[in-house]
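Visitor: Please take me closely through a single part of this protein, and show how that part sits among its surroundings.

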Amino acid sequence: MSLSKYHQKRNFGVTPEPKGSGKAAKSKSALIYVIQKHRATQLHYDLRLEWNGVLLSWAVPKGPSLDPSVKRLAMQVEDHPKEYATFEGVIPENEYGGGTVMVWDIGTWTPEQTDPQAALEKGDLKFTLHGKKLHGSFVLVRTRGFGGGGGGKSWLLIKHRDQYASDKDITLEAPRSVVSRRLLAGIAKDNGGDVARAATGDPASQAKPAAPVSATTSKSKAGSKLQKVKRKSAGA
Ligand code: MN
């Protein structure tokens with residue numbers, strides 16, 4: 001495991017992302033799990049699992065699903081430093097990964113296999129998440145490549161059947177940061193980012209409601225009826 005690719009891709013004089021100690025200390029305590037929602041060129045969710053002192057990382061375009069019948073593409077990307085787990089903010093637009101980053105879920109993970117290193121090399125890692133949003137058993141399975149690439153970077157993230165399996169869309173139901181309760185737009189606003197672009201990654205249902213229908217000055221019955229109808233449709 002090495003952070004050399006992580007360091008090559010970034011200019012730490014410009015990006016606020018952590019450089020990482022590089023000491024790659026193996027923790028004796030529980031292993032970190034984090035998912036960062038990242039409104040870059042394309043919206044995606046970065047799943048990171050601590051292993052051998054770094055965060056193994058997969059970009060999941062559609063984010064996690066709690067439905068065991070759904071397979072989510074997960075492209076493995078460069079290892080990240082452990083310090084990255086709590087990074088939330090804005091990467092400048094011209095930098096690698098430019099855009100807004102949210103800590104969407106955080107916690108710990110437990111390998112389900114006796115030899116997780118062998119499982120990773122084989123491309124079939126079974127693990128249990130102990131997050132604030134995600135819980136229970138998942139698997140990451142390496143595929144032969146999306147579109148015939150075969151570079152070994154393409155995996156599928158799948159929920160196992162257990163008490164936490166569900167058909168609810170967790171990305172829509174729980175869109176906020178687990179560390180700041182902010183939406184992407186709020187994180188962008190607080191860090192000088194592109195608020196409108198960040199907001200395109202927030203669910204439409206969470207967007208600020210349109211300006212209320214202005215109170216009509218008409219006191220006629222027709223006027224108040226119209227207002228009622230307007231109120232109804234505004235609340236839909
Ligand atoms: Mn990313």
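Guide: Leu 184 touches Lys 37, Arg 39, Thr 100, Met 102, Ala 198, Ala 199, Gly 201 and Asp 202, leaving aside residues up to four places away in sequence. Two residues are in contact here if their C-beta atoms, placed from the backbone, lie within 7 Å. This is a predicted model, in which local features need pLDDT of at least 70 and side-chain atom pairs count only at pLDDT 80 or more, while totals for chains, interfaces and linings use all residues. Residues are numbered from 1 along each chain as its sequence is written.

Leu 184 also belongs to the largest nonpolar core, which has 36 residues; Leu 47, Ala 74, Leu 157 and Leu 184 touch the most other members. Strand β6 (residues 99-111) gives this core its largest share, 6 residues. A nonpolar core is a set of buried Ala, Val, Leu, Ile, Met, Phe, Trp, Tyr and Cys residues joined through C-beta atoms within 7 Å. A residue is buried if 20 or more other C-beta atoms lie within 10 Å of its own, exposed if 12 or fewer, and partly exposed in between, with C-beta atoms placed from the backbone. In soluble globular proteins, nonpolar side chains tend to be buried together.

Now to the strands. Helices (H or I, at least four residues) and strands (E, at least two) are DSSP runs, numbered from the N terminus. Strand β1 (residues 31-39) is mostly covered, with 7 of its 9 residues buried. β1 and β6 run antiparallel and are joined by 9 bridges; strands count as paired if DSSP finds at least two bridges between them. Within this pairing, Lys 37 stands opposite Met 102 in β6, and both of these residues are among the contacts of Leu 184.

β1 also runs antiparallel to strand β2 (residues 43-51), with 7 bridges between them. Val 34 stands opposite Arg 48 in β2, and a hairpin of 3 residues joins β1 to β2.

Gly 99 lies in β6. Gly 99 counts as buried because it has 23 C-beta neighbours inside 10 Å. Beyond four places in sequence, Gly 99 touches His 38, Arg 39, Ala 40 and Ile 91. Gly 99 and Thr 41 are 58 residues apart in sequence, yet 7.6 Å apart in space, C-alpha to C-alpha.

As for the whole protein, there are 6 helices and 9 strands, and 28% of the 236 residues count as buried. Among contacts between residues at least 6 apart in sequence, 56% join residues at least 24 apart.
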